[in-house]
Amino acid sequence: MKIAVASGKGGTGKTTVSLNLALSLENVQLLDCDVEEPNCNLFLDHELEKVRDVQVQVPVISKERCDLCMKCVDACRFNALAKLLKSVMFFPKLCHGCGACSLVCPLGAIHEEGRSIGIIERSASSSSGTELYQGLLSIGEPMASPIIHALKTYIDDTRTVIIDSPPGLACPAISAITGTDYCVLVTEPTPFGLHDLSLAVELLKELHIPYGVVINRYGIGDERVDRYCSENNIPVLMKIPNELKIAELYSQGIPFVLKMPQWKANFLDMFSQIQKLTGRC
Amino acid sequence: MIICVTTKDNGPEAKIDPHFGRCAYFMFVDTDSMQEHEFVKNPYAAESQGAGVKAAQYITDHGADVLISGNPGPHATSVMETAGIKIVKYPEMSAMEAVQKFLGTNDL
């Protein structure tokens with residue numbers, strides 16, 4: 001089963017929930033899809049090995065063959081090409097690698113070459129129960145989605161897969177969540193938390209992926225997230241209290257189930273709720 | 001010489017729009033006949049990405065020699081530099097005053 005852990009608002013506790021859930025279960029694959037700043041391994045401290053580079057295919061335009069007809073410029077939905085008096089200029093960081101330019105070129109003046117934008121890494125040893133895969137987008141690169149797509153090709157369908165999604169609800173988050181069996185939305189009981197939760201819920205309805213909510217730092221803010229969930233029949237899978245001990249462990253890079261083993265039962269209970277809700281195991 | 005100014009509005013009181021690629025209007029002034037100036041609504045203001053590249057291509061195609069704007073981004077700047085357009089960065093002020101200021105400080 002593939003479970004995505006997501007949130008609209010950043011900093012609500014996606015990584016906390018992902019890690020503690022992973023460490024409460026056996027034989028789990030954990031994918032850190034927050035490729036702009038993967039942080040699961042700050043808590044796991046696994047030795048990592050590089051699996052591969054991730055490339056996007058970008059056009060190379062032959063100056064000799066190009067007659068400046070502009071068909072490629074017009075075809076580019078991402079405005080990565082501009083035609084000037086004597087040449088076509090290409091902006092690699094705007095290119096999504098769709099290949100339309102080379103398809104429409106009537107003179108065969110465009111061929112494609114791979115451009116590296118980041119890497120995939122994984123736990124070097126699989127002896128520990130949780131196997132981590134993470135993507136790392138190169139500094140200065142704007143497009144996270146190709147890395148996330150590449151990362152998800154390593155999903156092992158025979159295991160429980162937990163996907164720590166990037167924050168927000170734009171392309172990277174959608175890339176991470178798409179194709180999963182269930183989505184855990186982590187929020188906090190504040191007006192901001194509720195606002196972004198309700199946007200995330202709208203997204204998941206569009207994606208037709210079942211979802212439930214974890215309310216983190218429960219006890220701060222107000223009752224509106226509780227009320228929103230009950231009014232909209234959204235299951236609240238777990239409430240994690242706003243407790244000093246949990247914050248201290250977090251600040252030391254320790255997933256709290258390791259030092260507060262009573263919480264393992266809560267995460268296992270959440271997992272069995274998800275199994276029941278999805279009818280999967 | 002054709003000067004392009006990015007503007008927030010399309011009237012005589014129009015002020016410089018400090019955004020380049022997502023400005024509201026382009027004002028084109030032909031300095032040979034100072035009377036004529038033309039406002040064009042920026043067709044690329046709502047592009048999901050690469051508005052600067054498109055806008056730079058657009059003013060290049062319109063024959064601009066000088067751009068007066070706020071602070072164009074690196075992609076737009078490289079298009080305009082390649083096209084030989086002079087980029088002038090002025091603070092917010094009236095667009096026509098900006099043209100006068102440019103002409104006053106650049107003996108062309």
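Reader: Why are α1(B) and α2(B) called roughly parallel to each other?
Author: Happy to explain, with the reminder that this is a predicted model. The axes of helix α1 (residues 51-61) of chain B and helix α2 (residues 74-83) of chain B cross at roughly 25°. Angles under 35 degrees count as roughly parallel, and therefore α1(B) and α2(B) get that description. Their axes come within 7 Å, and the crossing of α1(B) and α2(B) is right-handed.

Reader: Which residues make that contact?
Author: From α1(B) come B:Gly52, B:Val53, B:Ala55, B:Ala56, B:Gln57 and B:Thr60. From α2(B) come B:His75, B:Ala76, B:Val79, B:Met80 and B:Ala83.

Reader: What makes residues of this contact polar or nonpolar?
Author: The class follows residue type: Ala, Val and Met count as nonpolar, while Gly is among the polar ones. On that basis the contact of α1(B) with α2(B) has seven nonpolar, four polar and no charged residues.

Reader: How do you know which residues of chain A are in contact with chain B?
Author: Two residues are in contact if their C-beta atoms lie within 7 Å. By that test, nine residues of chain A are in contact with 12 residues of chain B. The chain A side divides into seven nonpolar, one polar and one charged residues.

Reader: And what makes a residue of chain A buried?
Author: The cut-off is 20 or more other C-beta atoms within 10 Å of its own. Of the 281 residues in chain A, 43% are buried.

How values were computed:
Residues are numbered from 1 along each chain as its sequence is written. Chains are lettered from A and ligands numbered from 1 in the order in which they are written. This is a predicted model: local features need pLDDT of at least 70, side-chain atom pairs count only at pLDDT 80 or more; totals for chains, interfaces and linings use all residues. A residue is buried if 20 or more other C-beta atoms lie within 10 Å of its own, exposed if 12 or fewer, and partly exposed in between; C-beta atoms are placed from the backbone. Axes are lines fitted to C-alpha atoms, for helices over the stretch in contact, and angles run from 0 to 180 degrees between N-to-C directions. Helices (H or I, at least four residues) and strands (E, at least two) are DSSP runs, numbered from the N terminus. Angles under 35 degrees count as roughly parallel, over 145 as roughly antiparallel, 65 to 115 as roughly perpendicular and the rest as oblique. A crossing is left-handed if the near helix is turned anticlockwise from the far one by less than a right angle, and right-handed if clockwise.
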